[in-house]
Amino acid sequence: MTKRWSGYNNVGICATALMAVLSHSKQLNTANALLVMPLVMHNATVIYLANGKVAKRDAAALVAHRPDLFANFNSRFEEGLAITVNAIQLIVAAGYAKFDGKLVLLKPLHIDASFGKRAERIAKAANHISVLLASPVDELYLNFRIRL
């Protein structure tokens, strides 16, 4: 089976998502950075996490409360690996972050209407994502059912 390229989930949207999360967390280890794209490539997850009325939960509580958001998370993770690595390279090359075993914010990216509605929704969800990614990495990968 050949996979078709999807322009919807691309390096630019991933770089924007990583920068939005970094604006809250200031740094991301590699394992956590690899979880950002699978979260934001799923529109229902972004809408849910961007809702300011939704309580911020740890990974286990969120998966238990909304298992529908994580039903295909492993396949999204696999699809987003190369895109995320390329987005990290782009962010570092552009001088927005440095990579020294982890991604560290150097200067923020101001996401506004010129980025589009999807990027704005991702930026709204970024604080919730950064809180979610504060959980221990092994718990995140276990709860999201990622097969390594």
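A: Of the contacts in the protein chain between residues at least 6 apart in sequence, 73% join residues at least 24 apart, where contact means heavy atoms within 4.5 Å. Mind that this is a predicted model: local features need pLDDT of at least 70, side-chain atom pairs count only at pLDDT 80 or more, and totals for chains, interfaces and linings use all residues. Residues are numbered from 1 along each chain as its sequence is written, and side-chain values use heavy atoms, with hydrogens and water left out.

Q: What makes up the pattern of the protein chain along the sequence?
A: The order is α-β-α-α-α-α-β-β-α-α, with 7 helices and 3 strands. These are DSSP runs numbered from the N terminus: helices are H or I with at least four residues, strands E with at least two.

Q: Why is the protein chain called as compact as a globular protein of that length?
A: Its radius of gyration is 14 Å, close to the 15 Å that the globule rule gives for 148 residues, so the label holds. The radius is taken over C-alpha atoms, and the rule is 2.2 Å times the number of residues to the power 0.38.

Q: Why is F73 called buried?
A: Buried means under 20% relative accessible area, exposed over 50%, partly exposed in between (1.4 Å probe, protein chains only). F73 has 0% relative accessibility, so it counts as buried. F144 gets that label at 1%, and across the protein chain 43% of the 148 residues count as buried.

Q: What makes F73 and F144 a tilted pair?
A: Rings of Phe, Tyr and Trp (its six-membered ring) pair if their centres lie within 6.5 Å; planes under 30 degrees apart count as stacked, over 60 as edge-to-face and the rest as tilted. F73 and F144 are 4.7 Å centre to centre with 45° between the planes, hence tilted. F73 is in helix 5 (residues 73–93) and F144 in the segment after helix 7 (137–143), so the pair ties together parts 71 residues apart in sequence.
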